[in-house]
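Subject: Handover of a structure

Dear colleague,

I am passing on the structure below, together with notes on what was found in it. Please read the notes with the structure open beside them.

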Amino acid sequence: MSEVPPNQDVVGDQPIALEDVVDRDALDDLCKSIHALFGIGVRVYASQGALLANVANELELCRYVNEVPGSRAACGATVIAAKSVAPGDDGEVTHPCFTGLAYHIVSLVHEGRRVGRIVLGPYAPAGLREPPPSLAQADKRLDVARASDLAATVPRVKQEALQRIAGHLKETLELIIFSSHKAWVTSKLHLYSVRESYRELQDKTTRLEQTLTRLKEVDRLKSNFLATMSHELRTPLTSIIGYSEMLAEGIAGELSAEQQEYVRTIHAKGEQLLRLIMGLLDLSKLESGTMSLRQAPAQIGPILKEVITTLAPVARKKEVELALDSDDAPCELAADAERLRQVFINLVDNAVKFTPKGGKVTVRARVTAGAAPSGDDDDEAAGAALLAPLLKQVEVRVSDTGIGIPAAERVKVFEAFYQVDSSSTREYGGTGLGLSIVKRIVDAHGGQVSVEGNEPNGTVFVVVLPSAQTRRAALPSRVPPALA
Ligand SMILES: Nc1ncnc2c1ncn2[C@@H]1O[C@H](COP(=O)(O)OP(=O)(O)OP(=O)(O)O)[C@@H](O)[C@H]1O
Ligand SMILES: [Mg+2]
């Protein structure tokens, strides 16, 4: 987050508006206490003329002069002048009223600027004896003697006393303005920093969205490239394999023992390359979601038997015992049998490959109770509880007594091209694609694959596949995209 900018950037360097920052209750209390103590009216105006506090009782004299049209106009003019007359350099001015009374006006200053004014009055200056001639001039109909009597009831205030009251009021009010302004600036700063954080968050989200879009595009291009390259490589490779096979069989004439050996090597390497290319093709199709799974009712037993039959010669050659232990309980899967066969061929092939002579590979299949899909609302939860006994899953454990996979590597082996021992002296061959294909096919069937250690040594790959019914019971949102 960027640094909080200095005050003026946030609140602007405009003069503060007193009505925005001042605490009205505190202002009112203060004016009331002055009025109660000295009997003088107190009004506070903001610099633009807004009246912020008004604590005054109407004087008898004022009421009387307001009854007569001429003096009412003079009274109005006096009030307007008191609101607008400019206090002198010392910030104070006394403005006389045509009745002989007076107003004392004091500027309110904040950070060197005049932000408002206090108007004290009307009051009778201590030296006032007779009403001035201006009273009679305001309206001939005015009873000057009566006005004089009423003026005598107005509190008399000495100029020094008035200046002290005004000074005290000014200081206290400026303190209120100072603290109110501080609180106002703090809240503005807070608001600004929240807005700033929100804006930064939005910027980051936008940048992340753009990056995600770019990455998706790069990923799509990569998958397209892989698919095209693999496809283009496969055609010439099929010719190399076919012709080397024909040569080895002597169709083009007898070969010497040495020639035979070379041709068989070409053939074997060609097959290896073809497997790699097919793996890449599968992976890119699975990644881009273009591999269509042919969903059909299937049982796990026959698939596993076929896998064992396919890999029995490899195991025998390596002198590794290969066993199938299936409870043969029926459990219908909605699966692409060809792809599931690919999953277990990869797992059993790995198990045999990474198990030394004399070891054992066991494929164990069990039908177990499936996890009921948990609903978000009560109705769904009740439905899930009723379905629970019907929901089944198949668990297949491929265990071996081989070299094992260290615990820290067990998640990584599912990444494409990841091999635990990737040194150039690696004796097992392969490209590291098998398990990433396994994981993607299992995911696409709504299942899970994980690795455990085998005691005392070796590895167990566990594949869990939900039954067709369990998958139907799952919420549509939980069905993997490949199946939805
Ligand atoms: N049963 C196992 N025992 C020990 N290590 C294993 C076992 N299965 C897999 N691994 C480790 O996981 C790595 C990745 O396996 P994966 O099947 O993806 O690749 P690969 O067998 O090396 O090559 P490919 O399958 O593409 O021919 C292996 O290279 C190996 O290090
Ligand atoms: Mg493999």
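**What was found**

The chain has 14 helices and 13 strands, where helices (H or I, at least four residues) and strands (E, at least two) are DSSP runs numbered from the N terminus. This is a predicted model, in which local features need pLDDT of at least 70 and side-chain atom pairs count only at pLDDT 80 or more, while totals for chains, interfaces and linings use all residues. Residues are numbered from 1 along each chain as its sequence is written, chains are lettered from A and ligands numbered from 1 in the order in which they are written, and side-chain values use heavy atoms, with hydrogens and water left out.

Of the 484 residues of the chain, 38% count as buried, the term meaning under 20% relative accessible area, with exposed being over 50% and partly exposed in between (1.4 Å probe, protein chains only). Among contacts (heavy atoms within 4.5 Å) between residues at least 6 apart in sequence, 70% join residues at least 24 apart.

Strand 11 (residues 392-400) pairs in the antiparallel sense with strand 10 (residues 360-369) over 9 bridges, and with strand 13 (residues 459-466), also in the antiparallel sense, over 7 bridges; two strands pair if DSSP finds at least two bridges between them. Valine 394 of strand 11 stands opposite valine 367, and the bridge partner of valine 394 in strand 13 is leucine 465.

The largest pocket holds about 1600 Å³ of space. On a 1 Å grid over the protein atoms alone, a pocket is an open set of points with protein on both sides within 12 Å along at least five of seven lines, whereas a cavity is a set of points where a 1.4 Å probe fits but cannot get out, and lining residues have an atom within 4 Å of a point. Grid points are joined across faces, edges and corners, and a volume is the space filled by probe spheres set on the points. The largest pocket is lined by 49 residues, of which Arg275, Asn346, Asp349, Lys353 and Gly430 lie nearest its centre. Helix 11 gives the largest share of this lining, 11 residues.

There are 2 cavities of 30 Å³ or more. The largest cavity, with about 50 Å³ of space, has a lining that includes Cys62, Cys75, Cys97 and Pro122. Pro122 lies in strand 5 (residues 113-125), and a cis peptide bond, with omega about 0 degrees, joins glycine 121 to proline 122.

Most residues other than glycine have a negative phi, and most peptide bonds are trans. The peptide bond from glutamate 455 to proline 456 is cis, with omega near -5 degrees, and proline 456 is in the loop between strand 12 (448-453) and strand 13. Glutamate 111 has a positive phi of about 50 degrees and counts as exposed at 63% relative accessibility, while phenylalanine 417 has a positive phi of about 70 degrees and is partly exposed at 47%.

Best regards
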